[in-house]
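Colleague: Hi! Could you walk me through this model before I set anything up?

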Amino acid sequence: MSTSVLTSLVIVETIVLALLAVVVVSLLRSHAELLRRLPEPDDEHDHLHAPDPIDRPVLSPNLPSPKRIASRARDVAGSTLAGDQVVVSAASGSDTLFAFLSTGCLTCQGFWDGLRPGAREPLPGETRVVVVVKDPAFESPSRLAKLAPPDVPVIQSSAAWEDFGVQMSPYFCFVDGRTGEVRSEGAAMTWQQVSSLLTDALFDESRARELG
């Protein structure tokens, strides 16, 4: 190939590359212009539509501290799973944790499991547990028979839910066995949490009696 032909090819390639460079620069400028003309973000609009963590429901599954003015607990009257009538006295001499559970509550499942003889751990102060469910019309008898531990009292009493003002499950009421007064009540997520909170409640009550 002659030198003149090679020179011509180099010139043509140079021109093509120059044209491509011009095209690329033009595209970049056009893109930059489009971005410049886009409206600025509306901070207020974004704020209104952004998820606000304050608006999200915050669960506080805690038993509160012992009450300054304890309320009197009523005796729990109802029926056993066998259908026998029974009454559990609030002022029985033993501290009692009334556990209001349900057969249809997913969170309650962990508490039912924790009441099984092989899994159950003693509560502080030798507090006894009495499970209170609603009347048979509101619970599944077959499921209740499977969930109920053999050595923990389970009482069916919708009246007790009303007497203690319980509107959700699981819910717990800690009753002083000496006075029959509700010292602490509320919701919890695990038995470990209930045990820890009862320890605090018993300690505070002991200190209050010493100072009183």
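Modeller: Happy to; we can go from the overall fold to the hairpin and then the aromatic rings.

Modeller: This is a predicted model, where local features need pLDDT of at least 70, side-chain atom pairs count only at pLDDT 80 or more, and totals for chains, interfaces and linings use all residues. Residues are numbered from 1 along each chain as its sequence is written, and side-chain values use heavy atoms, with hydrogens and water left out.

Colleague: Thanks! How many helices and strands does the chain have?

Modeller: The chain has 6 helices and 8 strands; helices (H or I, at least four residues) and strands (E, at least two) are DSSP runs numbered from the N terminus. Starting at the N terminus, the order is α-α-β-β-β-β-α-β-α-β-α-β-β-α.

Colleague: And how much of the chain is buried?

Modeller: Of its 212 residues, 32% count as buried, where buried means under 20% relative accessible area, exposed over 50% and partly exposed in between, with a 1.4 Å probe and protein chains only. The chain exposes about 13800 Å², and carbon and sulfur atoms supply 58% of that; the areas come from the Shrake-Rupley method with a 1.4 Å probe, and for residues only the protein chains shown count as cover.

Colleague: What share of the contacts comes from residues 24 or more positions apart?

Modeller: They account for 70% of the contacts with a separation of 6 or more, a contact being heavy atoms within 4.5 Å.

Colleague: Hairpin next. Do S2 and S3 run parallel or antiparallel?

Modeller: Antiparallel: 4 bridges join S2 (residues 76-79) to S3 (residues 85-88), and two strands pair if DSSP finds at least two bridges between them. Gly78 has Val86 in S3 as its bridge partner. There are 5 residues between the two strands of this hairpin, and Gly83 in the turn has a positive phi of about 95°.

Colleague: What does Ser79 touch?

Modeller: Ser79 is in strand S2 and is buried, at 12% relative accessible area. Leaving out residues up to four places away in sequence, Ser79 touches Asp84, Gln85, Val86, Val154, Ile155 and Gln156.

Colleague: Now the rings. How many aromatic pairs are there?

Modeller: The structure holds 6; rings of Phe, Tyr and Trp (its six-membered ring) pair if their centres lie within 6.5 Å, with planes under 30 degrees apart stacked, over 60 edge-to-face and the rest tilted. One of them is Phe111 with Trp191, edge-to-face at 5.1 Å centre to centre and 75° between the planes. Phe111 lies in helix H3 (residues 108-114) and Trp191 in helix H6 (residues 191-211), so this pair ties together parts 80 residues apart in sequence.

Colleague: Are those two buried or exposed?

Modeller: Phe111 is buried at 0% relative accessible area, and Trp191 counts as buried at 13%. Trp191 also pairs with Phe172: the centres are 5.7 Å apart and the planes at 65°, so that pair is edge-to-face too. Phe172 lies in strand S7 (residues 171-176) and Trp191 in helix H6, so the parts tied together here are 19 residues apart in sequence.

Colleague: Where does Phe172 sit relative to Leu97?

Modeller: Their C-alpha atoms are separated by 6.6 Å, although the two are 75 residues apart along the chain. Phe172 is buried, with 0% relative accessible area.

Colleague: Last one: which rings does Lys134 lie over?

Modeller: Lys134 lies over the face of Phe138, at 5.9 Å from the ring centre, and over the face of Trp161, at 5.0 Å. A charge sits over a ring if NZ of Lys or CZ of Arg is within 6 Å of the ring centre and within 35 degrees of the ring normal. Trp161 also forms one aromatic cluster with Phe98, Phe100 and Phe164.
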